[in-house]
Amino acid sequence: MLILFSLAKLFRNCLFVLSLFSTKSYASKNLKEVNLYSYRQEFLLRPLLKAFESTSKIKVNVVTMKKGIIQRLKAEGKNSPADLVLTADIANLELLSKEGLLQKLNLKKVEKNIPKDFRDPKGYWVGLSARARIIYYSKKRVNPKNLGSYEDLMSKKFKGRICSRSGLHPYNVSLLSSLVFHHGEAFALNWAKKVRENLARKPQGNDRSQVKAISEGLCDISLGNTYYMGKMLEKPSQREWASRTGIFFPNQKTSGSHINITGVGITKSSRNVEGARKLVEFLTGSLAQHMYGQVNHEYPLKEGVPVSGIVKSFGANQLGITNGYFKRDLKALVKLSELRSKSIKLLNKAGFE
Amino acid sequence: MKKVLRLKRVWVLLVLSALFSLPFFSTLLLSVSPDEPVFKHLWETVLPGYIKNTFLLMIGVGIGSFFLGLVTATLVSFFKFPGRQLFQKFLILPLAIPGFVIGTVYLQFFEYSGPFQSLIRKLFGFQTASEYWFPEIASLGGVTVVLSFILFPYVFMTTRSAFMEQSQRFFEVSRSLGKGPIRSFTSVILPLSRPSLTLGLSLVLMEAASDFGTVHFFGVPTLTSGIYSVWLQMNNLGGAAQLASMLLSFMILFITLEKWSRSQKSYYSLKGNHRQMELKELKGLKGFAAFSLCLIPLFFGFLFPFSLLLFWSFSHIGQIEFSRFLNDLGHTIFLALSAGGLCLLFSLLFNYIQRSLGKNRLVEGMVSFATLGYSIPGPVLALGVLIPLAKFDNFIDSIALSLFGNGTGLIFSGSVAAILLAYLIRFFVLSYGSIQTGFLRITPKMDEAAIQLGAGVFDRVSKIHGPLLKRSLATSLILVFVDSMKELPATLMLRPFNYNTLATRLYELSSDERLMESAPWGVAIVLSGLLPLIILGHPFGGKRNNLKEEEKES
């Protein structure tokens with residue numbers, strides 16, 4: 001009996017020593033830190049987090065992963081050290097909440113900051129910034145008057161003139177989902193097929209590579225996200241490509257240009273809910289929203305926060321666009337998550353790799 | 001008593017193999033219950049294309065690396081020509097650069113807007129792409145060529161060390177029996193080197209099949225890309241696991257075929273009979289040809305991409321935050337060293353036990369499972385480590401909670417231990433393979449003789465095995481160290497908070513089209529990859545001197 005008892009004691013001591021190494025020690029004991037899993041890259045986040053750390057005196061620990069955060073959270077379960085998750089796509093926000101990995105925010109300040117369209121109706125996540133997927137075109141070879149809608153890209157007149165990154169990239173999947181939403185699966189499949197046939201080269205690279213290809217004359221148009229253009233215009237080595245390329249906001253007369261948002265949620269397993277809430281409030285607040293606009297060239301979601309000068313110039317010659325503001329496709333936004341799997345299947349069928 | 005000991009050893013092997021094949025079995029388990037049946041859809045749409053690309057890639061890269069590796073190894077092993085000494089040292093360098101870096105460098109250099117084609121356009125006055133023909137670099141062909149130049153050193157290394165073991169006498173006997181030099185080479189030397197050649201080739205094939213980064217940049221969808229899109233985008237873990245299981249069964253099929261084809265033979269090299277190969281001197285044009293044949297793979301696999309990285313580094317050196325850089329470097333070296341040590345330790349254990357048990361089907365089966373990790377795509381491996389590890393942690397936590405009312409939290413998952421386990425599983429085969437080829441040099445007869453002379457275990461290990469294995473140990477450490485430095489997908493997914501390695505930082509910067517700013521990190525990876533070569537000595541360097549030293553020691 002005595003032996004059993006001392007064994008149990010030994011076991012407990014072992015566990016105690018082990019737990020000193022455990023991820024738990026990251027969070028619970030130190031309320032002055034919050035832990036963040038982020039789909040967004042660190043260099044996009046760093047300035048924001050630095051500002052938060054200096055005003056709140058709470059340190060933010062980060063793991064950035066472009067892939068696999070949901071799977072990691074699921075595996076870690078209730079002991080996950082993460083307090084918050086930041087995503088680059090509304091579909092992942094919805095998925096996180098569907099998988100039961102988030103807790104309700106219940107933050108009055110946040111509700112005041114961010115309009116209803118960009119908050120989870122159930123209250124599990126909140127959007128932070130938006131971007132549009134628009135058409136990049138060669139200023140030299142394309143008259144923007146001949147551009148119109150995403151649907152137009154199927155037209156034979158664009159044969160051999162379109163460049164694209166992989167069709168299966170989340171940005172393109174998201175756009176196709178909006179087409180499924182507006183026109184149904186059959187149309188979306190046909191669209192993917194026709195656009196693929198119009199490609200000047202095999203899908204490759206990222207959004208910036210397409211701008212480069214346009215500026216070099218390899219193709220005339222491409223789909224791309226707004227903020228990349230801002231980033232490229234700021235960067236000496238990429239400015240030349242970007243300056244030869246224009247931005248056209250499609251579907252302004254119909255459904256509006258396709259948008260997607262980045263957002264944040266607090267995990268169910270969070271041990272520092274208070275700190276996490278402070279960070280969410282901060283990210284939706286004026287300072288952070290301002291930075292989203294000025295530093296990242298995204299569209300801030302808090303009303304009244306201006307976009308950057310570069311973004312203001314987007315679509316300057318396009319009718320209906322003032323100061324970079326355009327008609328947004330808000331209806332499709334909430335449906336993007338549930339249509340994602342279907343859209344990937346359609347892209348597979350269309351052979352749009 | 002002996003039987004009990006034997007049984008114990010089998011148990012040790014069994015437990016270790018089970019641990020090493022953890023990702024394999026968890027993948028298999030997951031594939032049985034997909035969240036939503038997706039296989040039929042895949043089969044009707046993209047899967048045949050994925051399979052075709054995977055096969056063609058493996059065949060292409062296999063042939064390419066085999067050819068490059070064999071030619072260069074043959075030249076430096078049997079001939080004397082200008083630069084031979086340097087080549088035998090430097091031909092392994094392509095292994096030190098992460099594949100996705102070389103891939104991006106080549107893409108940027110040769111694509112339409114890259115400097116090469118721009119130059120062509122300027123020279124010939126072309127205006128658009130339609131006016132001239134240039135092969136599409138982002139293609140299956142392109143990625144096959146690039147991967148061959150990156151991966152051939154595996155074949156070169158294993159073949160070179162096999163050739164170094166071979167005695168001039170075999171060759172002479174064969175020649176005296178009337179066979180010409182070429183016939184002697186193909187019918188005596190090559191067959192004797194088969195285990196090493198196969199090891200090199202299978203490393204190449206596994207690497208090609210599980211590569212994600214490079215094929216992704218080249219826009220060539222393989223099974224690995226399929227796994228990504230099904231798992232991470234369709235959020236269908238089970239469906240992805242089905243694809244992963246498919247990839248793994250190809251691997252198992254291949255390994256089994258190879259094992260079966262040489263199952264009847266035992267390979268031991270006969271060191272006692274050793275006489276150094278005499279090198280045939282190649283003069284004039286022939287010498288130049290040999291020089292070029294070695295220079296081409298070294299140039300494309302290392303010199304060219306590395307000089308570009310170096311060049312970019314100098315122009316961006318001012319932008320580095322040094323504290324960050326040192327931090328990343330520290331993490332990387334710590335991980336690579338620990339992984340190298342752990343792999344070495346377990347490989348020795350494995351090899352000793354396996355040796356003591358003699359030829360045994362069960363043991364061989366266990367070894368195959370334990371060495372599968374190398375063929376598992378990084379992200380699948382990461383998940384295969386993460387899920388069971390988190391389960392284990394949560395289990396311990398719940399026990400502690402119910403017993404003592406105080407949970408432990410997650411102990412291993414989300415810590416450096418998880419990364420190390422992933423490295424250990426992934427790179428075990430590199431270490432196991434090099435040590436095994438080392439053990440082939442120690443024939444059972446040598447042990448018997450030593451025992452008869454009254455040598456104990458300690459004497460045998462320190463006086464016979466140690467010196468004879470020295471080079472294999474170094475090779476094992478170097479290979480694991482270098483590969484750990486480059487590892488990306490598993491590190492990205494398993495790392496703790498605020499934790500970066502050189503490779504993760506490099507990836508983060510380069511995936512944002514900031515390859516040039518990331519160059520210093522790339523250079524650091526290459527240079528630290530060279531560290532063990534400098535410290536441990538080159539596996540092929542100063543062979544004759546080593547031999548003399550060994551003789552003196554014994």
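Q: Is Ser528(B) buried or exposed?
A: In this predicted model, Ser528(B) is buried, with a relative accessible area of 6%.

Q: Which helix is Ser528(B) found in?
A: Ser528(B) sits in helix α24 of chain B, which covers residues 515–536.

Q: And what is Ser528(B) in contact with, leaving aside its neighbours within four places in sequence?
A: With those set aside, Ser528(B) is in contact with Leu329(B), Ile333(B), Phe481(B), Met485(B) and Leu502(B).

Q: Switching to the two chains. How many residues of chain A are in contact with chain B?
A: On the chain A side there are 63 residues, and they are in contact with 63 residues of chain B. The area buried between chain A and chain B is about 5400 Å². Carbon and sulfur atoms give 53% of that area.

Q: How many salt bridges and polar contacts are there between chain A and chain B?
A: The count is three salt bridges between chain A and chain B. Across this interface there are also 17 residue pairs in polar contact, with both residues at pLDDT 80 or more.

Q: Which helix gives the largest share of the chain A side?
A: Helix α1 of chain A, residues 2–21, gives the largest share of the side that touches chain B, with seven residues. The residues of that side divide into 24 nonpolar, 19 polar and 20 charged.

Q: Which residue forms a salt bridge with Glu216(A)?
A: Arg121(B) does, and the closest N and O atoms are 3.6 Å apart. Glu216(A) lies in the loop between α9 and β7 of chain A and Arg121(B) lies in helix α7 of chain B (residues 115–124), so the pair joins two chains.

Q: Are those two buried or partly exposed?
A: Glu216(A) is partly exposed, with a relative accessible area of 26%, whereas Arg121(B) is buried at 9%.

Q: How many salt bridges are there over all chains?
A: The count over all chains comes to 18 salt bridges. One of the pairs is Arg46(A) with Glu42(A), whose closest N and O atoms are 3.3 Å apart.

Q: Where are Arg46(A) and Glu42(A) in the chain?
A: They are in helix α3 of chain A, residues 42–56. They are four residues apart, so about one helical turn separates them. Glu42(A) counts as buried, at 11% relative accessibility.

Q: What about Asp220(A), which side chain does it meet in a salt bridge?
A: The side chain of Asp220(A) meets that of Arg141(A), at 2.6 Å from N to O. This pair links distant parts of the chain, 79 residues apart. Asp220(A) is in the loop between α9 and β7 of chain A, and Arg141(A) is in the loop between β5 and β6 of chain A. Asp220(A) counts as buried at 11% relative accessibility, while Arg141(A) counts as partly exposed at 34%.

Q: New topic, domains. How is chain A divided?
A: Chain A is divided into domain 1 (29–130 + 259–300) and domain 2 (132–258 + 309–350). Their centres, taken over C-alpha atoms, are separated by 27 Å. The contact takes 18 residues from domain 1 of chain A and 25 residues from domain 2 of chain A.

Q: What area is buried between domain 1 and domain 2 of chain A?
A: About 1900 Å² is buried between these domains, and carbon and sulfur atoms give 61% of it. Ile259(A), His297(A) and Tyr299(A) supply 45% of the area that domain 1 of chain A buries against domain 2 of chain A, more than any other three residues.

Q: And how many salt bridges between those domains?
A: The count between domain 1 and domain 2 of chain A is zero.

Notes: Residues are numbered from 1 along each chain as its sequence is written. Chains are lettered from A and ligands numbered from 1 in the order in which they are written. This is a predicted model: local features need pLDDT of at least 70, side-chain atom pairs count only at pLDDT 80 or more; totals for chains, interfaces and linings use all residues. Side-chain values use heavy atoms; hydrogens and water are left out. Contact means heavy atoms within 4.5 Å. Buried area is the accessible area (1.4 Å probe) that two parts lose on being put together, summed over both. A salt bridge is a side-chain nitrogen of Lys or Arg within 4 Å of a carboxyl oxygen of Asp or Glu. A polar contact is a pair of N or O atoms within 3.5 Å; within protein, one must be able to donate a hydrogen and the other to accept it, and residues adjacent in sequence count only if both atoms are side-chain atoms. Ala, Val, Leu, Ile, Met, Phe, Trp, Tyr, Cys and Pro count as nonpolar, Asp, Glu, Lys and Arg as charged, and the others, Gly among them, as polar. Domain bounds come from an automatic or database domain assignment. Buried means under 20% relative accessible area, exposed over 50%, partly exposed in between (1.4 Å probe, protein chains only).
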